[in-house]
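Good morning, colleagues, and thank you for coming.

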Amino acid sequence: MPGYPVLPEGLAYGGDYNPEQWPEEVWREDVRLMREAGVNLVTVGVFNWGLIEPEEGEFDFTRLDRILDLLHSAGVYADLATPTSSPPTWFRRRYPGSRLVDREGHVLGGGSRHSFCPSSPDYAAASERIVTALAERYAGHPALAMWHVHNEYGWANAHCYCPTSAEAFRAWLRDRYGDVGALNAAWGTTFWGLTYGSFEEVEPPVAAPVGVIPGLQLDFMRFSVDAHIACFRRERDTIRRFSDLPVTTNFMIPNCKPMDYWRWAGEVDVVANDHYLDSSRAEPHIELAMAADLSRSLAGGRPWMLMEHSTGAVNWQPRNLAKRPGEMRRNTLAHVARGSDSAMFFQWRASRYGAEKFHSAMVPHAGTGSRIWRDVVALGADLRKLAEVRGARVTAEVALVWDWESYWALELEWRPSSDLRFRERMEAYYEALWREHVTVDFVHPSADLSPYRLVVAPSSYLLGEEPAKNLHRYVEAGGHLLVSYFSGIVDENDTIHAGPYPGALREVLGVTVEEFHPLREDETVTLEPFPATGRIWSERVRLAGARAVHEFADGPDAGHPAVTRHDLGAGSAWYVSTALDPGTGLRDLLGRVLDHAGVSRPRGLPDTLELVRRGDHLFLINHAETPATVPGVTGTGVFDGAAYDGSATVPAGGVVVVRTQAPPS
Ligand code: GLA
């Protein structure tokens, strides 16, 4: 099977290259500048369908031929994309049945990309034809390093509600349940008397009065993931008839909620991710680190590809902040630290027209006399020096449970509190661990947990019986588990596990929950003995084998357990029944749980210093405006050859990468 790395040596550096927006003389300048910056891989052809196939069945490869030849002559490899995320205008006119329909029943317009139904047989036939033509023509082209199928599956068309999708959904349900009785049992349709007499009666969950059958909604989300994966497989398998090069598609981890990337991960030869900073966050690099750790985890620990990020501002947020000096470098190197073997951008040259003309690029509108260009050239030099990290692994002692199905289920309507948000809890725990300089993996709850000293489940509302048993076995065998409130509540159909909450986790946690007491919007509760506060949630916990570590001092559950610990087998299971304040409460508790689990980590460093070990390399990324000194560092600086013998000082906003002999104490 084709695999990674895609390039003969070093890390991949480059971006989306859209030369069709420019006259040919600019292309020659492009490749000259690519050489200057050390670019060695560009993604081409992503939105070329209407240019390559201007009329149905008539192909014109002249421009793409010239571009690939030019890249090859310049020593730049191509990541050749299939253009199927943006069907041509003739396709839409000729096949109106392929148009995307939203929940409200609107047929969405053209003049945009992603405007098609993933279940459309006409789309399938047309995309297969263009992919076959591309693969046949370019499989042997010497510029090619890999294939980039489509662009961001599910970006704007994750769910389609057209009649074709409805029919495909019913076929999917028949396949899953066999007979309608099994579907009724799974979805609990005796509730409100919504029992289906046949599969023909099932509609997708279009806009309806609130309270739509939760099992129906979850299955429609699963079906939609499968519909997009089927599109990917069709293209990938077509390419494989002609080429042995690696095939991937660019994910949007973790920012495309509808795509269950655990289901996607096994389909690609290399996991590739697009990541953009969220300008509304005070410290967006923490979310970046989370995305990178998730990408590595989806890749099963193998190196992955950062397929897109930005040199500066994007154009699609309410306020598109430019990156501050040094920020692009810190961002890129954080992705590499966390396992990426590439640093790719959207895009090479900023567009003058079209929807994305205010998006930053490697060559900005200001040209090469700009800070961005100088930084791009300098980054290329840094990445060449970092070539030695290629293929190296990141190992983690702590894992966070992340399940897209739980994400979907938690955020269906009519939950005990609208403050119960999956990302809110995941990010609270991730951030606390990031600030403790603990690198984490993400795991599906049914994964092999034996490599980890500690497993944290910040938001596992939906948890099937088998995954719950997996957690139980992990603890009995000596693992340590930390679970946050409203976890283990329902099974895969959103049916509450029988008996008291938290059904699936009752035994491992050694507690039951008698009643939920969600808090008002600004309400807080206090915990003792340490001075911590809780928000969002309180509940009446009853001990059933566990012991109380902290109690609520006030609020609806004053005098009752707030944090518990259950020693079970050779391990322990901790339970936290409120949203501990991130400053003291959560960090303090996590510190104690990490110590109890024997998780090693550096102490006494500023919590704005990002520290990651990748193979023999220690990445120190300073996000603060003052220098930081890290003790216990011995080795050689990769960028400047500096010798470190006992400590390393990282300049304000700077990055030091040390080839080490021994880990920092
Ligand atoms: C996505 C897409 C690109 C571009 C960028 C802009 O990642 O794949 O084509 O639209 O967003 O940030």
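I shall speak about the domains, then the nonpolar cores, and finally the ligand. Please keep in mind throughout that this is a predicted model.

Let me begin with the domains. The domain assignment of the protein chain gives domain 1, covering 398-597, and domain 2, covering 609-659. Taken over C-alpha atoms, the centres of domain 1 and domain 2 are separated by 34 Å.

The largest nonpolar core comprises 174 residues, and the residues with the most contacts inside it are Leu71, Tyr261, Leu386 and Val398. Domain 1 and domain 2 each contribute at least three residues to this core. A second, separate core has 17 residues, including Val180, Trp187, Leu216 and Phe220.

Which residues does Leu386 contact, leaving aside its neighbours within four places in sequence? They are Leu11, Leu333, Val336, Phe619, Val638, Phe639 and Val657.

Finally, the ligand. Among the residues that surround the ligand are Phe47, Arg113, Asp274, Tyr276, Glu308 and Trp316. By class, this shell has four nonpolar, two polar and five charged residues.

How much of the ligand's accessible area does the protein cover? On its own the ligand has 310 Å² of accessible area, and the protein covers 97% of that.

Thank you for your attention.

Definitions and conventions:
Residues numbered from 1 in each chain as written. Predicted model: local features only at pLDDT ≥ 70, side-chain atom pairs only at ≥ 80, totals over all residues. Heavy atoms only, no water. Core = buried A, V, L, I, M, F, W, Y, C linked by side-chain atoms within 4.5 Å. Buried < 20%, exposed > 50% of the residue type's maximum accessible area, 1.4 Å probe, protein only. Domains from an automatic or database assignment. Contact = heavy atoms within 4.5 Å. Near = heavy atom within 4 Å. Areas by Shrake-Rupley, 256 points an atom, 1.4 Å probe, with all protein chains shown as cover. Nonpolar A, V, L, I, M, F, W, Y, C, P; charged D, E, K, R; others polar.
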